[in-house]
Amino acid sequence: MIFNIPFIAVVAMIFIGLYAVLFKRNLVKIVIGISIIESGVNLFLITLGYREGGVVPIFTSAPSDVASNAPGSMVLPVPQALTLTSIVIGVAVLALMLSLIMHIYRHYGTLDVRKMRRLKE
Amino acid sequence: MFSFESILETLKTGSGFWDPLIWVIIAALAFLLIYVLRSFGKKEFKEKTEQTQSFLSGNPEYEKEQMRIKGSNVYWGFIETMKWAFNILRKIHTGNASDYVLWLIIVMGFLFIVVFITGAL
Amino acid sequence: MSTRNIVAAVMFSVLAVFFILTALMLSFGAPIKSQMDDYIITHTQNETGTNSAVTTIVFDYRGFDTLGEATILFGAVSGVLMIFRRVKK
Amino acid sequence: MSEMSKIVRTLSNITFPFIMVFGLYVIAHGHLTPGGGFQGGAVAASGCVMLIVAYGSTWIFEKIKVSRLSAFESLGALGFIGVAFFGLIFGGYFFNNFLVRTGILFNIIPETGFTGSEFNTAGVLPLMNFAVGVKVIAGVFAIVVVMAYASSLKEWKQ
Amino acid sequence: MNWFETITMHSPALIVAVPLLAGFLTPLVSRINDTVRNLFVLIMLSITGILIAILGYDVLTNGIRTYVFGGGNTVITLPSGLMFHVRIIFEVDSMNIFMVIITIILAIIGIVYSLSFMKKEDGLDKYYTIVLILVTSTLGMELTGDLFNFFVFLEISCITSCALIAFWVHKGEALEAALKYIVISSIAALFFLFALGLLYAQYNALNMATIANAIQFSIIDQAALILIIAALTMKAGLVPMHMWLPDSYGEAPPSITFILIAATQAGLYGAFRVIFTLYGNVFNSINLAYVNLVITANTIGWVLVALAIITIIIGVFMALIQTDFKRLIGFTAVAEIGYIFLGIGVRLASKYVQYSGSSATAIAFSEYSSIALNGSIFHIINDCLDIGLLFLVAGAIYYATKETSLDKMGGLARNMKYTTVFFIIGLLAVSGMPPFNGFASKLMLYESTYQLNPIITIIAVLASILLLAVFVKVFYSAFMGPEQQKFKEVKEVPKGMLIAMGAVVVIIIIFGLFPNLVINNIVQPAADALTNYTTYISKVIPGVI
């Protein structure tokens with residue numbers, strides 16, 4: 001149980017982000033919350049791939065004893081690759097959201113999410 | 001893969017069936033019947049006479065522009081009767097972005113409760 | 001404290017409880033199964049001639065994901081440039 | 001935003017080449033060390049963004065055509081997908097690593113640890129890394145230039 | 001191995017790669033001039049359509065076809081007997097083919113429409129680039145057999161749809177709709193990624209068939225199922241997560257909305273695939289080993305039925321009080337989504353166990369469940385065509401009069417004769433009037449739902465009648481009535497838009513008059529591919545069942 005603290009940290013990060021999305025009114029804070037959720041999910045993927053006492057799965061700089069008894073001595077590489085993809089996706093989403101927010105501030109004159117309600121009913 | 005006979009089959013829907021070709025034939029017969037009935041109409045009807053004027057209890061007829069009903073006034077009675085339902089619906093549809101996320105969270109929690117209870121059985 | 005905030009807080013905590021329940025079921029530091037990753041680590045040098053297993057996955061074993069990733073960046077750049085275009089009204 | 005003081009500009013002039021060289025190093029050694037096209041491209045693009053901060057977005061926007069940047073980006077993306085299509089043509093499968101174990105280039109099976117022939121490995125991966133690096137530099141730079149210039153325009157000020 | 005064999009073998013990759021290559025090339029091609037760019041886009045999409053036709057013929061005749069990216073053997077077998085995948089695999093069965101055909105039809109018609117609709121706009125090179133990438137992402141979502149690849153394409157479709165919804169940047173509402181859409185769909189996609197990680201931690205695999213082979217439905221699997229279902233139903237627009245849908249559909253350019261419908265249906269396809277294949281052991285298996293999971297399947301089925309009924313009611317009622325033309329059609333699109341989910345729910349809820357005494361002897365689906373599934377799958381394509389046609393008509397009216405509010409319209413039937421005829425056909429088709437295509441699928445849904453529970457059927461039929469009432473209101477206020485002064489010199493829309501709308505109308509009439517043509521040739525194979533999920537697994541993992 002106590003060894004699941006990394007996963008608890010992941011859940012904490014995800015829900016901190018969700019708190020920002022649900023209860024904050026500033027659009028920029030909502031976007032920050034989405035980035036925090038995404039960091040939590042990335043941390044989750046990385047944490048899944050950890051192996052007790054493993055090293056980074058790169059043979060160039062690996063010590064000879066580690067490379068000799070691979071793969072048992074290396075962390076899982078697939079979650080790291082997935083995380084790389086996920087990070088770039090997050091960058092793209094962030095850029096698009098921020099540029100939309102700039103335009104919205106120009107049109108609405110405010111960043112309050114409660115005033116951004118021309119499309120209701 | 002493609003068979004021409006399958007075009008003319010009838011669609012079996014469990015207890016019933018549906019064949020559009022029969023429907024088309026019946027519709028054509030119905031239109032023919034309508035035409036026959038229409039041909040029994042009065043012959044002395046004239047266009048552009050006072051026969052075509054609408055009788056508004058002696059009042060002069062408005063011009064066409066004012067006699068038009070706007071789109072939001074159609075079904076006024078129905079909407080007025082069901083006002084309680086429409087008020088609830090209007091209350092749900094707040095155009096607030098974080099409310100959209102809140103609905104996602106609500107559905108997620110509901111599914112968690114339902115599935116964990118039934119999955120534990 | 002409006003009704004919306006009360007509902008939000010309640011569902012928020014319910015979901016948090018379920019997430020923590022799920023997280024406590026996982027095992028940290030000792031993956032349950034690792035056949036795919038072991039295969040990749042042991043065969044990365046012979047199959048793709050790469051010393052870095054992560055780069056092997058990113059560009060060779062799962063290269064199509066990386067193409068989609070590049071497509072996402074491309075689409076984001078095109079979208080930003082389209083949003084910031086000069087609109088003649 | 002307007003340009004900053006002369007100290008900042010001089011220091012950015014001095015550090016800019018080092019940042020670019022480091023970014024290109026990360027791109028080139030993507031198949032040997034942690035890093036790769038995306039990371040190195042991000043480093044190099046951050047160097048370009050430093051120039052925007054130092055010299056002001058309007059100056060950069062006049063110096064650089066954004067349409068040319070987007071053309072560069074599509075060239076990088078075309079290089080990436082082109083390598084994949086070459087894999088379809090030469091190797092018989094989409095995204096096939098058709099260069100490894102052939103006598104052309106990047107074809108050596110590496111040894112563990114630092115060996116003399118380590119750079120000449122990994123088949124088509126260095127090519128993909130380079131294409132992605134070009135793409136990321138151009139893309140991120142274009143995004144930042146456009147957003148900075150738009151935020152510096154007058155009608156965006158309330 | 002002649003060239004046709006080669007093209008057929010590589011077509012799953014080429015179907016995704018060709019529009020993607022076109023999208024990367026469009027910024028360079030558009031530097032020449034506009035006509036070359038438009039021709040280029042059309043030709044590339046036509047090539048994709050030809051490839052889809054080849055692949056579809058092959059799959060419908062020879063069965064499932066797989067494609068391994070990067071070559072190598074499909075499945076790695078360890079000495080211990082473990083079998084798994086390392087590379088990304090495209091696995092194409094009849095359901096994928098069905099969805100891909102819908103997507104390419106909508107994409108080509110939407111491009112033809114936008115060639116004349118968007119002629120006066122600027123920034124068109126970026127527009128066509130992003131449209132091509134959106135079509136690519138939709139095709140990829142519908143072809144892939146790998147979960148993480150599905151997530152990547154989901155994000156691509158999210159980003160490109162958001163950028164296209166915000167195309168009219170001078171309207172604040174468009175930006176607002178785009179921001180709402182990207183906020184909720186990126187959060188949903190992140191939850192999808194979290195669920196994917198849970199499945200990866202369990203089975204150390206990302207391939208759908210591998211996970212479906214090993215699925216155990218432990219607590220972690222249940223959590224993953226919940227997160228994935230919530231994310232994908234949000235993508236499909238199920239109530240109460242539907243509120244982004246009328247915003248986006250109403251504010252995007254109509255030619256974009258026509259393609260966005262295909263992207264929405266791709267999320268729906270993901271829900272189909274997850275429920276019926278990835279969790280096939282739970283919802284789809286008649287193996288007595290899974291007898292204790294029948295109650296879970298029934299529960300999920302009834303939840304889906306309830307949500308579908310609420311979806312239908314809310315969609316129709318909200319559509320009744322709208323005054324904006326495109327937003328009204330958006331709410332009716334929500335109602336149509338409800339009909340599709342009704343079929344899935346009936347299928348899941350009709351699973352039952354036969355007991356002899358106290359011991360279970362067999363698990364079976366009621367015979368009407370297959371009809372429900374057929375009707376649900378058939379309704380997908382009808383929904384796309386009908387709602388799409390109505391959006392195209394709305395776009396034509398906007399093109400001619402620069403108006404979307406119903407209060408300001410009136411008497412348009414005098415000047416726009418073809419558009420009026422097209423709207424009448426779309427009206428009758430979407431409200432399920434015979435002999436158009438909406439009637440056949442809705443009839444199948446009604447008949448199967450009636451055997452599950454008559455009250456649900458009554459509500460659905462009443463909602464369908466209300467749908468007709470909604471569109472009669474639209475027809476009266478937009479086309480009928482006395483002629484308006486400001487619409488005296490309104491012209492009929494250009495030929496390109498008329499050709500696009502006419503093509504949809506022709507397809508609608510053919511589907512309506514010969515429903516068996518569709519059901520026997522593509523709908524029934526798709527339903528079979530969904531129901532026997534073991535063939536899907538054993539195609540990539542030999543020796544299973």
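**Salt bridges, buried area and helix packing**

Tutor: In this predicted model, three salt bridges are found by the rule across the interface of chain C and chain E.

Student: What makes the pair C:Asp60 and E:Arg87 a salt bridge?

Tutor: The closest N and O atoms of C:Asp60 and E:Arg87 are 3.1 Å apart. The cut-off is 4 Å between a side-chain nitrogen of Lys or Arg and a carboxyl oxygen of Asp or Glu, so the pair qualifies.

Student: Which helix of chain C gives the largest share of the side that touches chain E?

Tutor: Helices H1 (3-25), H2 (35-48), H3 (53-61) and H4 (63-83) of chain C each supply at least two residues, and H4(C) gives the largest share, 15 residues. By class, that side has 17 nonpolar, eight polar and eleven charged residues.

Student: How much area is buried between chain C and chain E?

Tutor: About 3900 Å² is buried, and carbon and sulfur atoms give 74% of this. On the side of chain C, the most area is lost by C:Met36, C:Phe64 and C:Met82, together 18% of what that side buries.

Student: Why is H2(A) called roughly antiparallel to H4(A)?

Tutor: Helix H2 (residues 27-48) and helix H4 (residues 77-108) of chain A pack at an angle of about 175°, with their axes 10 Å apart. Angles over 145 degrees count as roughly antiparallel, and H2(A) is therefore described in that way relative to H4(A). The contact of H2(A) with H4(A) has 14 nonpolar, six polar and one charged residues.

Key: Residues numbered from 1 in each chain as written. Chains lettered and ligands numbered in written order. Predicted model: local features only at pLDDT ≥ 70, side-chain atom pairs only at ≥ 80, totals over all residues. Heavy atoms only, no water. Axes fitted to C-alpha atoms, helices over the stretch in contact; angles between N-to-C directions. Helix = DSSP H or I, 4+ residues; strand = E, 2+ residues; numbered from the N terminus. Parallel < 35°, antiparallel > 145°, perpendicular 65-115°, else oblique. Nonpolar A, V, L, I, M, F, W, Y, C, P; charged D, E, K, R; others polar. Buried area = accessible area lost by both parts, 1.4 Å probe.
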